Amino acid sequence: MSETPGWSSPDQPQNQPQQPGQPQYGQQPGQQYGYNAPPPPGAGPTIKPGVIPLRPLAVGEIVDGAITTMRRYPKLIIGAAAIVAAVTQIVGLLAQLPFLDDLTRVATLDPNTVTQEQAMDQLASTLTGIFTGAFLSILLLLIGTVFLSGFITVIVGHAVLGKPVTFQQAWEEFKPRLLPLLGATLLSGLVITVGLILCVVPGVWLWVLFALVTPALVLERCGVTAAFGRSKKLVDGAWWRTFGILLLTVVIGWVISWIISLPFGLLGAATTGFSDDPTAALSVGSLVLSTIGAIIASTITLPFSSAVTVLLYVDRRMRSEGMDIELQRAAGHGGL
């Protein structure tokens, strides 16, 4: 099985075999340069075997690297994202359709013909079905997103080094990490949700602190607990910069989704004649158009955000652990 070289953690135990391109065990961050801090962005020769220069990155280089990765591996990335988005969105639509008539009926109940108790019973029955379908849709979306983020992480790992990769290779590398990544995603989601419930600030802080769990778990092939520790270690001292890049990614994704979804929303409104009736938005045609727009938007935004996260992880390792030297060696530039 072909694996992406050069991603082991510097604190990997010494009794494990060292792969070509991995850092020397016990080496402290920055020792490759002869002092205890990596050089600033742009310092030294620029080696760019893949989608990013192998040195600490500027924000624009991270975003550009994510877009370049999607352009260089369109069949793998866009294809996988389209399949995941189509399956999750279509299943979500199918889960809503059986309750569409009931929801419309509840929305148009005449208070003069039914009692309040009858209306509440009908509403409760309808909402139970809708929430059940929504739960199944969210569960499937979670599994699909976990698969896509991990799969894209492997591809970006190869793209950084300029290495070709096939679907079979990427899948073989990612397959053993699927269940641990699902567990890590559920755990981080639970922790962040609790933080958001207690107060928004702790939730946001935890979201940023554990943002690099996926690339750490997949590329370093470590356990769930170790991946959380690695993410925390890499984000420590750079929380605000990490937050800014993640926030920028969310904003870019939202803008792209809005631009793509807007024409489908207008078409949906046109099918109902731009009616002021609130139940018009519940028509089958309107929901189908909305689903198509969501599929197209997710096909672009999901891999983009995943790729940015991986490149942010690479940037943090180059800044805090001098990983750029090891990546240059793994890419065949070990003499520099």
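Colleague: Before I start, what should I know about the model and its numbering?

Modeller: This is a predicted model, where local features need pLDDT of at least 70 and side-chain atom pairs count only at pLDDT 80 or more, while totals for chains, interfaces and linings use all residues. Residues are numbered from 1 along each chain as its sequence is written, and side-chain values use heavy atoms, with hydrogens and water left out.

Colleague: Thanks! How many helices and strands does the chain have?

Modeller: There are 12 helices and 0 strands. Both are DSSP runs numbered from the N terminus: helices are H or I with at least four residues, strands are E with at least two.

Colleague: And how much of the chain is buried?

Modeller: Of its 336 residues, 43% count as buried. Buried means under 20% relative accessible area, exposed is over 50%, and partly exposed lies in between, using a 1.4 Å probe and protein chains only.

Colleague: Which stretches does UniProt annotate as "transmembrane region"?

Modeller: The unreviewed entry gives residues 76-95, 130-157, 178-198, 204-224, 245-267 and 287-314. Positions are in the numbering used here, feature names are shortened, and annotations may be inferred rather than shown by experiment. In the model, residues 76-95 are 100% helix, with end C-alpha atoms 28 Å apart. Residues 287-314 are also 100% helix, and there the end C-alpha atoms are 40 Å apart.

Colleague: Switching topic, how do helix 1 and helix 2 pack?

Modeller: Helix 1 (residues 59-72) and helix 2 (residues 74-96) pack at about 95°, with axes 5 Å apart. The axes are lines fitted to C-alpha atoms, for helices over the stretch in contact, and angles run from 0 to 180 degrees between N-to-C directions.

Colleague: What do you call that arrangement?

Modeller: Roughly perpendicular. That word covers 65 to 115 degrees; under 35 is roughly parallel, over 145 roughly antiparallel, and the rest oblique.

Colleague: Which residues meet there?

Modeller: Thr69, Met70, Arg71 and Arg72 of helix 1 meet Pro74, Ile77 and Ile78 of helix 2. Contact means heavy atoms within 4.5 Å.

Colleague: Now helix 9, which of its residues are buried?

Modeller: Ala227, Phe228, Arg230, Ser231, Leu234 and Val235. Down the axis of helix 9 they fall within an arc of 160°, so they line one face. The arc is that of directions from the helix axis to the C-beta atoms.

Colleague: Last one: is Thr309 buried or exposed?

Modeller: Thr309 is buried, with a relative accessible area of 17%. Thr309 sits in helix 11 (residues 284-321). Leaving out residues up to four places away in sequence, Thr309 touches Ala211, Leu212, Pro215 and Leu246.
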